[in-house]
Amino acid sequence: MASIATPIRCSGLIAVALIIRSRDGPRFVFHYPPRPSTEASQEERLYGTELDESEVEESLLEEVGSDESDLEDGGYSLPRHNRVEKEDKPKLKNHVVELDLEGDDHYDKPNGEHVVPWEHLFEFDTTDLESILTPSRAYHKKKFEMSLDPLIFVTYPIHIREDGLWKKKKPKKAKKSKTEVSEPGAAPAETKSIEEEMKDVSLGEKPGNASEDGDDHGGMTMFNAVFILNPRKDQAREKIKDIYEHVIKKFNKALKHAQASANYVWKESEMMLSMKEKAREERRPMSWLWNEILIKSTLAAAIRDVYLAISSDKIATVRFATKPPLDLSLQVPIPNFLMSLPTSADKAMPGLLVTTANPLVDEEGNEDPTHLNKHFALLLLNDESKIVAEIQADDTDLSEPLIECIRLCKPTLSFLQVAQTNAVDLNSLLVLAQHLIYWRRAIAIPPLHAREMYIVSPNCDSRKLPLASVAWKKAFPLAPSLPGFLAALSAAPRPFKNFAPSKDHRPTYLDMVAWLIRGGWVTQLRTFAWILVWPEIIYEVQYQLKSEAIEKSKKGAKSQSGSSESTESTDESSPEKHSSTDPSAPLTTEQVAENARLERLADKLAKEAAETAADFVKMPKPVATEHPSINNAEHLKHIPPYIIKDPHKVSHEESLYIAALGKRFTEPRSKECWTKFTKYFNGCEALEMIALQENRKRKETWGILLSYHEHLLSCKHW
């Protein structure tokens, strides 16, 4: 049985269609499934609703019956990204052979009109759809989206170039003499642009192959693989964006490359159209025709495979029968973990790992899908030998590096530790690990450790417990039973090393934890903290601020009086004043009023300063006690404790609190690390990761953190 669980999701995809435009006008070539339904998918279930037990039991029984895994006992068979899954092939064939369609036959209307079953889709005539789904050149290689409520048609139209070719021909370079030196950096830039456009297509094209570009005898000017969706209204934008970026765009680009290199799309379309025309004349049933098309046309089979895989959130692996063959892998990435439990309005994802440990966060704390945290570890989602065998069978340029990455990476070591231990390049290791994670062969988790705490996941799929127990017993025959072991973990959180009978058993017990995390049965209980400022510290900072304010006001009064005297002397010494102003002349009304106002303000400020100074003198001087948390002095009772939520964004007063706390620690290590560790006390960074991020020994780090415990508000959750 697989210990990894697949989340129940729904892509919203209900059909895929191929439409072309030639000299004869637009043509609706093919669509799959033949009779798509607009009803909501049965996989669109809400959290807490009843799930189909028969589906779960059937899939689990198939997995338990296999003996291909040593660790997981018939582990989850992951899809391979360069060929169709073996276990899916018979399902696909059965799906085609056993077509039982409503409205499968031809019939004649009372007026004698011949009705062909495949010329209608979703109550629309295909002649109408082919006209509106072949947009003008203005939409060439751009997103085209059309809504016919409740259906949404999304595509990436491809038009032929103005010069009648499907891709720009490279100018033939003149042969350079041996003495001529090429410009450095020119070729790599060109190669990079080509690789970026076709990075998801494995061609295996050999130099010197003849191209049939431009040899389009049918005069095809554009083609369009249209994906038809019916997602939930509140999820429509997100679903459309995901499937467009990861599937629609790449699939149409791959077809463009196949058309440019081998006239593939037109040849396949011409064959399907001729088969449809012949079946129309012979009044063949739609089920018979679709079976024949899927057998003879590799493009139709590719459309079918893409629909079946993407609609069930699997990896689509297709091959276009060009020369050389073109392999393509497509998927809509699925989440590897949940940071919070689904609400009553969300879809159920039972068995998916629940954790706030996000490996796709950069050094500044921002989420970045292209960045893999070097302090995380790699956990394979299947038996290592099975994954290695699949990669060896792929026989690509990445096969050997991927196998080496799998051999080196362990769930107990971070990527940085693996790179340092084996003297390998860290960036290359992270790239290979991201490849394994993207293709659903592994996940990134915080490194496993015997001193960590692990609890039963609140999102575990308890319906699978009976069958999981069989797989558990087979993988770990000498271990306690799975229900008993999960019950022990649920009793009281404590370091995992306490469950191992001896120190020699710890590696085996860590393998058991890896098995349980892989299946979503357990999750790590992590520690989070905020800085807690006690009244004694608050009073100390307030006393300091008031003292500084009084000193500042005294200095300000002295400087103000000095400046006023200098101003008067300057005014009196001015020749203009002597000439125009008579000292004996009476003051004007405005001057008298202004002088009176200034005197009142000065008196008020002096009075306030005197009152503040008097109050300050009455304040008891702050006394630093050994334990501020239990200081019950009378002058502190009206001051509540204060929590600093985010040390990255603190006010001036909060920064003084942190500085005052730093002065309280007597141990040199604690005082030295206080300013370094405060950035982790924001309620988001797990304390268990500090040792890895600061490159310190775990025992030493926890010793320092324990010296801070009085000034931290901590909690534990996943």
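Is R463 buried, partly exposed or exposed? At 25% relative accessibility, R463 counts as partly exposed, where buried means under 20% relative accessible area, exposed means over 50%, and partly exposed is in between (1.4 Å probe, protein chains only). Before going further, please note that this is a predicted model, in which local features need pLDDT of at least 70 and side-chain atom pairs count only at pLDDT 80 or more, while totals for chains, interfaces and linings use all residues. Residues are numbered from 1 along each chain as its sequence is written, and side-chain values use heavy atoms, with hydrogens and water left out.

Let us start with the overall picture. The protein has 22 helices and 21 strands; these are DSSP runs numbered from the N terminus, with helices being H or I of at least four residues and strands being E of at least two. Of the 718 residues, 45% are buried. If you take the contacts (heavy atoms within 4.5 Å) between residues at least 6 apart in sequence, 75% of them join residues at least 24 apart.

Side chains of opposite charge can pair when their charged atoms come close. Here a salt bridge is a side-chain nitrogen of Lys or Arg within 4 Å of a carboxyl oxygen of Asp or Glu, and the whole structure holds 20 salt bridges. R463 pairs in this way with D461, at 2.7 Å from N to O. D461, at 7% relative accessibility, is buried.

Another of these pairs is R664 with E540, again a salt bridge, at 2.7 Å from N to O. R664 sits in helix α19 (residues 652-664) and E540 in helix α16 (residues 535-573), so the pair ties together parts that are 124 residues apart in sequence. R664 is buried at 18% relative accessibility, whereas E540 is partly exposed at 21%. Further along, R669 forms a salt bridge with E700, and their closest N and O atoms are 3.8 Å apart. R669 is partly exposed at 42% relative accessibility, and E700 is partly exposed at 24%. There is also a network of salt bridges that links E390, D394 and R441.

What about a charged residue with no such partner? E268, in helix α6 (residues 264-282), is buried yet has no salt bridge, and the nearest side chain of opposite charge, K267, is 8.6 Å away. Leaving aside residues up to four places away in sequence, E268 touches S297, T298 and L299. A polar atom of the E268 side chain lies 3.4 Å from the backbone nitrogen of L299.

Another glutamate to visit is E694, in the loop between α21 (690-693) and α22 (698-707). Its side chain and that of Y680 are joined by a polar contact of 2.5 Å; a polar contact is a pair of N or O atoms within 3.5 Å, where within protein one must be able to donate a hydrogen and the other to accept it, and residues adjacent in sequence count only if both atoms are side-chain atoms. E694 also touches K676, F677 and K679, not counting residues up to four places away in sequence.

Next, look at a hairpin. Strands β7 (residues 144-148) and β8 (residues 151-155) run antiparallel and are joined by 5 bridges, two strands being paired if DSSP finds at least two bridges between them. The hairpin connects β7 to β8 through 2 residues, and L148 has L151 in β8 as its bridge partner. P150 lies in the loop between these strands, and the peptide bond from D149 to P150 is cis, with omega near 5 degrees.

Most residues other than glycine have a negative phi, and most peptide bonds are trans. The bond from K323 to P324 is also cis, with omega near 0 degrees, and P324 is in the loop between β12 (316-320) and β13 (326-330). E123, which is not a glycine, has a positive phi of about 65 degrees, and E123 is exposed with a relative accessible area of 79%.

Note on methods: Lys and Arg count as positive and Asp and Glu as negative; His and the chain ends are not counted.
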